[in-house]
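Please walk me through this structure one feature at a time. I would like to learn how each kind of feature is read.

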Amino acid sequence: MARVGLNARNDVFFPEEDFRLIQEARIETLKILSLTDISVCERIRRENPSIEFIVRLWDKGFGLGKHPTPQEFVERVAPRIQAFRPYAEKFEIHNEPNHFHRIEGWGSSDEQARDFRNWYLEVLRRLKELFPWAKFGFPGLAINYPHRDLEWLEICRDAVEESDWLGCHCYWQYENHLSPEWGLRFKLYHELFPNKPIEITEFGDSTPDISPEEMARKYVEYYQELYKYPYVNSACAFIASSPDLAWAPFAWRTEEGVFRPVVQAVALMPRRPPALYFEETGFSVGRPFLDLLDKLGLEICGLPISEEVEEEGVRVQYFQKVLMVRLPSGEAALGNAGELLLRAKEELEELKASLEGPAPVLEPIIEDISAKLLKHPSERYPRRELSAIKYLVVHHSAIPPDRGPEVIARYHVEKQGWPGIGYHYFIDPQGKIYQTNPLEVISYHARAYNSSGVGICLAGNFTDSIPPMAQISALGHLCAFLLEKLGLDKSAIVGHQELVPTVCPGGRWKEWKSLVLKAVDEAPRQGFKPLYHYMLFWQKGEEWASEEWEAAKNYVAKFRPTCGFSVKEALQARYVTIVGSEDKVGEEAEELLRRSGCKVERLSYADIASLQKLFDDMVTKGKRFLSLV
Ligand SMILES: [Zn+2]
């Protein structure tokens, strides 16, 4: 936002009145020449701690049509730049080189513009090398005919682009202070260089015999107008005072020390408007976001692309490059735009997926042991097309749950004389799934329905009881996956007893079938992960990770992950930290999480003390993950 600026006296030391004038007019940016003594800056900064200095690099070697070489110029200004370092960051390289009368070295022709461009680029290169901390500006040009500033800018385009900012002079006469040709000439410069910050290093009214009151009115109008142009950083009126009578009409005080009305008018005019309108995008930015925008600049924030709005109880405003949020303290801060964007993209994916139907069921972890199981020496099961399958038939093994598929295979082959085990799948009490026959095999498990059925056997005898939840949940997941793969709906899931007169899979099947169907609905699916980070602790029966929980306290306090004990919940997170070794949280769980797209990290530890140390270390280093992201 345009700071209220003034060109200081072109002198080494200032008379007392100038210090007072700068104070009284509440000047925010003071433009000085590099010949000014550093003690002047020291005093002004002491009296106006927030004042900004812009230093014009001035050299007496410039004169009618002559100029120092880049090397001579740099050698002479370099010690001055170094001296100004505690006070100034912005340096304007020279002044009005295009002046038609060649009073500043070059002249207005194309050829002279090209010569200046070469001179300038060499100076800029050398200065940037010497003073990487400084911001160098392309100098304000003499404007309009016959000085040809716009033509010059085109010829010097790469020189302007290389510069940190672009200087601009805006002079006018009569009521032209708001005309785009004169007072608002910087708008034409902005059109040529839309990404370059502009400093109006000189402006002034040269109307002959203008009254001091008129001058005050127009200058105030001008400063106020500039608040509409966020790319203008400062505007320095020409000039506080001058020993040279030629500039007397512009001076804010007489050499006798009388202040012109402009000093008081500028002192009293409103500063820092409550809101700023950006015509490029059509949105306004108010306080406190405007303060943050001032601080960070348009280059970092971009233009506003929304009004200030309330989202989930927080005042926010969107800019092209950042998101600003209002803190409870009332101050503005940058929001987590990156995270928000990522979330929005995922929600969009989710939305797209929901338009195309639900996301696919995640393939369960299945250990294929069908080749290893005992087979009949000569008998072979017939085979089928997968399209022949109509039923998923649930069985129980009707023997103690620790008897595995090998036992059943041996029984079916040796005692029954079958070609191999009768089932296609076998699920142990912990929910581990084994594939025992390829789906294409027509094995024996449901008589007339063998050719259209898939046999799924749960380990255990459920004549009078129902299977453990881990087993039901695995069965549900397997069925959901098979239904999708085979193009069947949930009515395909049947108990053995629903097809054939038998008690299999147990007397309470009707009761737990609904649990199986529920588990089918809740089977983990690919895609959307609404949680950011889940911390998965182990649990086994009555036992759980109580010591790990205690050790993680400080970590949880710092990073606030979602914590729990459920793999199914963990599938909802983009990042998962497993707390516990493979015997506590199995490898299958880890693989399932990875396969679903979670980024998984397992914390291994010899004992609780070393886990505690690991957590404390992560907290101290601010590391949420050891190896992820
Ligand atoms: Zn059965």
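Q: What should I know before reading residue numbers and local features?
A: Residues are numbered from 1 along each chain as its sequence is written. This is a predicted model, in which local features need pLDDT of at least 70 and side-chain atom pairs count only at pLDDT 80 or more, while totals for chains, interfaces and linings use all residues.

Q: Which domains does the domain assignment of the protein give?
A: Domain bounds come from an automatic or database domain assignment. Here the assignment gives domain 1 (3-273), domain 2 (283-335), domain 3 (366-521) and domain 4 (531-621). Taken over C-alpha atoms, the centres of domain 3 and domain 4 are separated by 33 Å.

Q: How many bridges join strand β2 to β3, and in which sense do they run?
A: Strands of a sheet pair through backbone hydrogen bonds, either parallel or antiparallel. Helices (H or I, at least four residues) and strands (E, at least two) are DSSP runs, numbered from the N terminus, and two strands pair if DSSP finds at least two bridges between them. In this model β2 (residues 29-33) runs parallel to β3 and is joined to it by 5 bridges. Within that pair, Lys31 stands opposite Ile54 in β3.

Q: How does the chain cross from β2 to β3?
A: A crossover is right-handed if, with the strands pointing away from the viewer, the path from the first strand over the helix to the second runs clockwise. From β2 the chain passes through helix α2 (residues 38-47) to β3, and this β-α-β crossover is right-handed. On its other pairing, β3 is joined by 5 bridges to the parallel strand β4 (residues 88-93), with Val55 opposite Phe91 in β4. The β-α-β crossover from β3 to β4 goes through helix α3 (residues 70-84) and is right-handed.

Q: Which residues point each way from β3, and are they buried or exposed?
A: In a regular strand the side chains alternate between the two faces of the sheet. A residue is buried if 20 or more other C-beta atoms lie within 10 Å of its own, exposed if 12 or fewer, and partly exposed in between, with C-beta atoms placed from the backbone. Glu52, Ile54 and Arg56 point one way from β3, Phe53, Val55 and Leu57 point the other way, and all are buried. Strand β3 (residues 52-57) is thus listed as mostly covered, with 6 of its 6 residues buried.

Q: What is the strand order of the open sheet that contains β25?
A: The order is β24-β21-β25-β26, an open sheet of 4 strands with parallel pairing. Its edge strands, each pairing on one side only, are β24 (562-564) and β26. Angles run from 0 to 180 degrees between N-to-C directions, and axes are lines fitted to C-alpha atoms, for helices over the stretch in contact. Neighbouring strands of this sheet are turned by 20 degrees against each other on average, direction ignored. Strand β21 (residues 531-537) is joined to β25 by 6 bridges, and the bridge partner of Met535 in β25 is Thr577.

Q: Why does Gly453 count as buried, and which residues does Gly453 touch?
A: Gly453 counts as buried because it has 24 C-beta neighbours inside 10 Å. Two residues are in contact if their C-beta atoms, placed from the backbone, lie within 7 Å. Not counting residues up to four places away in sequence, Gly453 touches Tyr391, Val393, His445 and Ala446. Gly453 lies in strand β19 (residues 453-458).
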